[in-house]
Amino acid sequence: MTKPLALVVSPTPAHGVTARPRHLAWMVGVLALSACTSVPLPEWPGTSGTTTTTTPAAPASPPAATAPAVSTSPISQSRVHALPYSATVAALFPEPDQRYRTPGLAPERSSFTSNAELAELLQQLPHHSTPSTGSSDDGVRIAVLPAGNSQNGRAIAAVLAAQSADLTPSSLDATQRPMVMIVAGQQGNAPASTEAVLALLQELDDGGLLRPMLRHINLLLVPRANPDGFETQQATTANGTDLRHDHLRLQTPEARALAQLITLYRPAVVLDAGEFAALGPTQTRFNATRANDMGVQYAMTANAHEFVTKAAKEWFFQPMTSRLAQAGLRTDALAEPTGNSAEAGFAMDTVQPTTLTNIAALKNAIGLTVQSRGSDLGLLHAQRRVHGLVQAMLSVLDSASTRARDLAQVATFASRDIASQACQGNLLVQAQGVHEKRELPLIDLTSSHITPTLVAWQSALGLSATEQRSRPCGYWLSPEARNTAAQLDQLGLQVLRVAELSPLVADGYTDQGGHIVTQRLLADAIPGSYYVSLNQGHANLATALLEPDTPYSSYAQGTQLDLSHVLRVVTPAPLVFEDDE
């Protein structure tokens, strides 16, 4: 974990070169970035010849082997629910052939698993399992981690499981197994995702489905990331923030808790599990309800490495959609009604670097989002919703187990390639999805039939640039930008503290009537200021936060109060940094 930043403010001199730093034996220079060249793309694993990556398109799902379901028991008589539509429509969503056993899914239950019940279940998890006779491994170890507290003081817990001597980050790194992180319940009205994680936790028992997988992967599960929202049955956190879109700004303690887990355990795969509305605006705008059981999307955001995107699509997204289809579940792109009318159509999940999965992609991890149909259905179709989410989670774990070695290779290459691009080329400051038309299957509430409906569609499977800029060597931040520096640190980026006065060649930002432009200048890196080099593997995460043009930047969000507090350093500069030891 990076060392917490000491937020000491020093006076800021006027821009301009006023002095050169005195020589010190421990002078640290920024790596010779000007000599770097982009790393050639290697052969894509499992193919022959040179691979070129194009804009991902909706895939044709290949066949996949059907894996066993998690622990089940025979179906008992279904609970009676008040239907928001006809029984004919309800019959299109039959219960699965098995029943998942969690407190919230018990027969005649009137509510999902409560926060208190969740805490009690986690306390009952075993902490250590003895390996089978003759086994040479260290056995499966399980720990419940106190990840943090919600705004109203409710505990946010994470479950860590691995075959390891212990569960410290260093020991887990030594296993050389990829960490898979599954986060449920970011929205308080997505209870089926928590029930699915609880069903999955049962498979950590001896003989469970997860035990063989832990020979290849490590596992980090967050059953309910937004306990306050669940308590009040609202999507947002207690202060009204949409947690799903707070992973760059880190405004909420819930988002900061997840960021700390990611910094500590560095997952190679991140799955965000939730639910989407079956009715909502779809009913009033189209006289219809959503027909697809599941919505699935892989991370797509500006400056994500093309190999990471390709791996997410081919190794995870395609097998997941195939498995869900084999389970008898209708699957489509993850999308919500947008705008204020039927003419506005639907938009896929955001391409902005604000979600957990898009942030994961900028950290060169696989980012995926899966949602079941039902955030506005109460307990209706609960078993089917949980079934879809469990199958999606198992698919991700299967894929990660199969591709464990490949995941490490892709992440290593992407990190080196991104770091090598400092000081050269261009970066996408901002991008948007593609606007098109498509037929979306909806259930007409008059006929009760699934009807392909032509709608406007904002696709996230291709990006068009709305703003580009040359890629700097790094960013200088004034001492007054200490909150932004701390934000970068929380995101896991290396932020260095300047110890000696040094000249910089940089671009400064100015606001010209609402349009931000850059201007070349000479400036001083003063003691107490900060430097963020782009010669690091997660550099594109820094550009997402520091380029001020976007609505999600540190400047737009008010963390950085003045444009003059950040400069784009455009040539390598020998800087002296404080010793962080």
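## Strand pairing at one edge

Two strands count as paired if DSSP finds at least two bridges between them. In this predicted model, β15 and strand β18 (residues 530-533) are joined by two bridges and run antiparallel. Because at least two bridges are needed for a pair, the two bridges between β15 and β18 qualify. Arg497 faces Tyr530 of β18 across this pairing.

The pair belongs to an open sheet of six strands. Its order is β15-β18-β14-β19-β16-β17, and the pairing is antiparallel. Strands β15 (496-497) and β17 (515-525) form the edges, each pairing on one side only.

## The hairpin at the other edge

Strand β16 (residues 502-512) runs antiparallel to β17, with eleven bridges between them. Gln512 sits opposite His515 of β17. Together, β16 and β17 make a hairpin with two residues between the strands. In that turn, Gly513 has a positive phi of about 60°.

## Overall build

The protein has 581 residues, and 54% of them count as buried. It contains 14 helices and 19 strands.

In soluble globular proteins, nonpolar side chains tend to be buried together. Here, the largest nonpolar core has 77 residues. Those with the most contacts inside it are Val180, Ile182, Leu201, Phe316, Ile366, Val370 and Leu397. Helix α11 (residues 382-402) gives the most to this core, contributing ten residues. A second, separate core has 60 residues, including Ala225, Leu248, Ile418 and Ala481.

What does Ile366 touch, not counting residues up to four places away in sequence? Its partners are Ala268, Val269, Val270, Val308, Ala311, Ala312, Phe316, Ala360 and Leu407.

## Strand β11

Strand β11 (residues 366-373) is mostly covered, with eight of its eight residues buried. It pairs with strand β5 (residues 269-276) through eight bridges, and these two strands run parallel. Asp272 has Thr369 in β11 as its bridge partner.

The pairing of β11 with strand β7 (residues 294-298) is antiparallel and spans five bridges. Gly295 stands opposite Gln371 of β11.

## Helix α13 and Thr484

Helix α13 (residues 482-490) has buried residues Thr484, Ala485, Gln487, Leu488 and Asp489. These buried residues pack against β14 (474-477), β18 and α14. After the helix comes Gly492, with a positive phi near 95°.

Is Thr484 buried or exposed? This residue of helix α13 is buried, with a relative accessible area of 0%. Buried means under 20%, so Thr484 at 0% falls within that class. Leaving aside neighbours within four places in sequence, Thr484 contacts Leu477, Leu545, Leu546, Ser554, Thr559 and Gln560.

## Ser150 in a loop

Ser150 lies in the loop between β1 (140-149) and β2 (155-163). Ser150 is buried, at a relative accessible area of 6%. The cut-off for buried is under 20%, so a value of 6% places Ser150 in the buried class.

Which residues is Ser150 in contact with, leaving aside its neighbours within four places in sequence? They are Ile156, Pro227, Asp228, Pro253 and Glu254.

Rolling a probe the size of a water molecule over the atoms shows where empty space is left. The count comes to eight cavities of 30 Å³ or more. The largest cavity holds about 60 Å³ of space.

That largest cavity is lined by 13 residues. Ala302, Asn303, Leu428, Val429 and Ala544 lie nearest its centre. β12 (426-444) and α14 (539-546) each supply at least two residues of the lining.

Terms used. Residues are numbered from 1 along each chain as its sequence is written. This is a predicted model: local features need pLDDT of at least 70, side-chain atom pairs count only at pLDDT 80 or more; totals for chains, interfaces and linings use all residues. Side-chain values use heavy atoms; hydrogens and water are left out. Helices (H or I, at least four residues) and strands (E, at least two) are DSSP runs, numbered from the N terminus. Buried means under 20% relative accessible area, exposed over 50%, partly exposed in between (1.4 Å probe, protein chains only). Contact means heavy atoms within 4.5 Å. A nonpolar core is a set of buried Ala, Val, Leu, Ile, Met, Phe, Trp, Tyr and Cys residues joined through side-chain atoms within 4.5 Å. On a 1 Å grid over the protein atoms alone, a cavity is a set of points where a 1.4 Å probe fits but cannot get out, and a pocket is an open set with protein on both sides within 12 Å along at least five of seven lines; lining residues have an atom within 4 Å of a point. Grid points are joined across faces, edges and corners, and a volume is the space filled by probe spheres set on the points.
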